[in-house]
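Thanks for coming, everyone. Please have a look at the chain on the screen, and then we will walk through it.

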Amino acid sequence: MHLLLTKDLSIEFGGLQALKDLHIEINNREIVGLIGPNGAGKTTVFNLLTGVYLPTSGAMRLEGNSIIGKKPFEINRSGIARTFQNIRLFKNMTVADNIKVSMHQNMKYNTFSAMFRLPSYWKEEKKVDIKAREFLEIFGMEDKADQLACNLPYGQQRKLEILRALATKPKILLLDEPAAGMNPTETQELMEVIRRIRDQFNIAILLIEHDMSLVMNICERLYVLDYGHLIAQGTPEEIRTNPQVISAYLGS
Amino acid sequence: MDFFNHIINGLGLGSIYALVALGYTMVYGIVKLINFAHGDIIMVGGYMVYLIMVKWGLPIWLAVPASIVICAFTGMLVERVAYRRLLVHNAARISLLITAMGVSIFLQNAFMLIFGTDPKSMPPLFQAEPFKLGSFELASTTVINIVVSVIMMIGLNLLVNKTKIGKAMIATSEDSSAAKLMGINTNRVISFTFAIGSALAAVAALLYCNTYPQIKPSMGNLLGLKAFVAAVFGGIGSIPGAMLGGYLLGVIESLTKAYVSTTLTDAVVFGILIIILLVKPAGILGKNRKEKV
Amino acid sequence: MGYLKKKTGVYYLINAVLVFLLFFVLLNLINNRIINRTSTQILTLICINIILAVSLNLVTGVLGQLVLGHAGFMLVGAYTSALFTMNIGLDLKIAFPISLVLAGLMAAVFGVIIGIPALRLKGDYLAIITLGFGEIIRVIANNLKITNGAMGLSGIKSLSTTKNPSPMFIYAYALAALTVFLMFTFGRSRHGRAVIAIREDEIAAESMGINTTYYKLFTFVLAAFFAGVAGGVFAHQIGVIDPSKFDFNRSVEILIMVVLGGMGSITGSVISATVLTWLPEQLREFSKYRLLVYSIILILVMLFKPSGLLGRYEISIPKFLDKLFARITKKTAKTKTGGA
């Protein structure tokens, strides 16, 4: 059984067919890339998978169970987490708090315990504080824990996006252009971190990316989208030499 | 036959709603703001006519253009002083809302202090015989309302679709950044929109005072709220929507008053608002705008 | 930083001591008639407005949704509480506290009824629909027999008497302190973080597993509960209530306290509630200008400091003392080592 599966997934926006008959499979511990020219519908796929959009037809299954019609927070709790193309951090919250929000679903103390400061509150908050800082260490950002998210430099904001999604304990992580705006050194670091995350947290990763060096280096498989259609799939080597892919990017 | 009469009367009432609704819808279309203070422009219009005709004893052909100009000016002033800064700095929606509320409260209380809280009687503005159509007799006010509103709407349509500034208004409401890049002075376009909307409200005030010759500082509240419901009903941001919503609401109100109960009419109007907002917030002619993720 | 028990415990202690100290000082002054009856009433009213302001602050400042019908919940609480004590036949000392709980619960019920449909909307539409619901509540109260219509209820008994002038103040102060405490503890918990996350970016919050519908409703209902309790105290404080006391203007007055103090700042709301209750009482002769001045304040604050005077910051006396203490010890350490 695949971890994530879509079959004939389609969505239409009032006459515009944004996605047609998409068929992708992701297995655990895979790093898969979703590429294609701008406007091909890649982020739309993410929005469908996370419940932000409702498909007009087709199937989506996580570990065999259909996730169509589920609300975004339910899908996240089932195991899909994502980052956003235009960073959507909680700007006026601290870096640590951004991560703690993700940990909310796995915390247990209720409103009464919170409001009357019962022992369960103190215990869990301390645990969560330590855990949040541990997440920050993945990118070496522990020292930024108490800064406001909006004050971080762009590159670190992108990293925080990833950490925040990771902290929701997903089974599969959807990264939307994680390397956007990064220089070659940061991109290299990102590649290592993505591999490390996959190994350490034992998850699958599906990423949308335009940076071909990142894509070719790190993805084990690729899906290529153009105008809402899947035009090719395969290993990076196969895709690199695929004439349809080349013409899609270069135009014919 | 009575039924037909109620419909026509409803159209007459709806004309006023439609004119005011246009102001709401145009401002919302261009800056995505519900101008809470718009209803109070009607009040300003009413009091200006009162001031000019009753207090100063000047003739109506002076009062009409004067009140229209003053209202247009007030609308522009409000935008310039209270909203412009927030719009330019892309302030949070909640700030604009609060400011709009502040302006509304300010206008009402200012006029209350200047003119007193007691209602003032107005003289009849446009004298005319009841209009006879076969066996029908229509009140002159109803006919005047409908005719004037239709003329205003034709004029507005021409303005928006055929003139340069009208096209600039459409462009700014679609995408103000792109409009700026095309060389459109969006600030001026926005001012103009407020001016037109307020001018229409002034005309509505004239029609209203002609139909119900009494003004008070809070008159903008209920009328403004109903016109707002009309705008949302028809589809906020859509000019034809505002017209449609206005007339429809007037007819619904007239029929409710006739066949259900007078005391419940306001509740029915408010009920319509709640239902539309929950069922189809874009209104009859509006488009659903989804947030891009 | 964070929620470590050690330092926070000390902060809690200092705050508690200050609150109790202030309470005992005021209580004594009242009981010894140094503070007269009118001033006691003003103090009580300040506490009531603090409850209203911090509860509205929760929805408008912390959750970030403009809600315009807050006075409607106050009305529900006021009438529930008054009708209970007037008809239950129990001694007021027992009936009053029970009535307050009922007031809060009843307001909460209304909060659920209104919140479920209303919170599906956002921004402008939410503001207008809550405005409308607030008005509907007032109109219903104006037309029901049980609420005695526009005449309202009179003869609501107060716990305070000429012999014993303090009980109402005690209740009001205690409830205000408790409400402020609960607003703080809620805000600095995982639930508070969830609510703030919704304010910051609702879509992102939902994508990180937050049930946004639940938390929006919960916050709204919680605020309604406290507004209801405040209404109950209010009814018994002034003895006569009618629907016009809970109209749109009342909602605006509470909103101004939140906006001026700082949207999201609990201490900001406390301070502005205090000032904006006390000041109009001192300037009674100018009461007809009040709303005009308020509207100008609203506009000016929105133009020049839209986040309110304190913004999202809280004034923390223990923190201030802490920093002061740290600076003093640094100085003495320097002089001990004989300067640089």
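**Domains and the sheet**

4 residues of domain 1 of chain A are in contact with 5 residues of domain 2 of chain A. Contact here means C-beta atoms, placed from the backbone, within 7 Å. On the domain 1 side, that is 1 nonpolar, 1 polar and 2 charged residues. Ala, Val, Leu, Ile, Met, Phe, Trp, Tyr, Cys and Pro count as nonpolar, Asp, Glu, Lys and Arg as charged, and the others, Gly among them, as polar.

This is a predicted model: local features need pLDDT of at least 70, side-chain atom pairs need 80 or more, and totals for chains, interfaces and linings use all residues. Residues are numbered from 1 along each chain as its sequence is written, with chains lettered from A and ligands numbered from 1 in the order written.

Where are the domain bounds? Domain 1 of chain A is 4–79 + 169–250, and domain 2 is 91–154. The bounds come from an automatic or database domain assignment. The C-alpha centres of the two domains lie 29 Å apart.

Now the sheet. In chain A, 6 strands form an open, mixed sheet, ordered 6-7-8-3-9-10. Strands are DSSP E runs of at least two residues, helices H or I runs of at least four, both numbered from the N terminus. Pairing takes at least two DSSP bridges.

Why do strand 6 (80–82) and strand 10 (229–234) of chain A each have one side without a neighbour in the sheet? They stand at the edges, so each has a single partner strand.

Strand 3 (31–35) and strand 8 (204–208) of chain A pair in the parallel sense over 4 bridges. Val32(A) has Leu206(A) as its bridge partner in strand 8.

Note on methods: Two residues are in contact if their C-beta atoms, placed from the backbone, lie within 7 Å.
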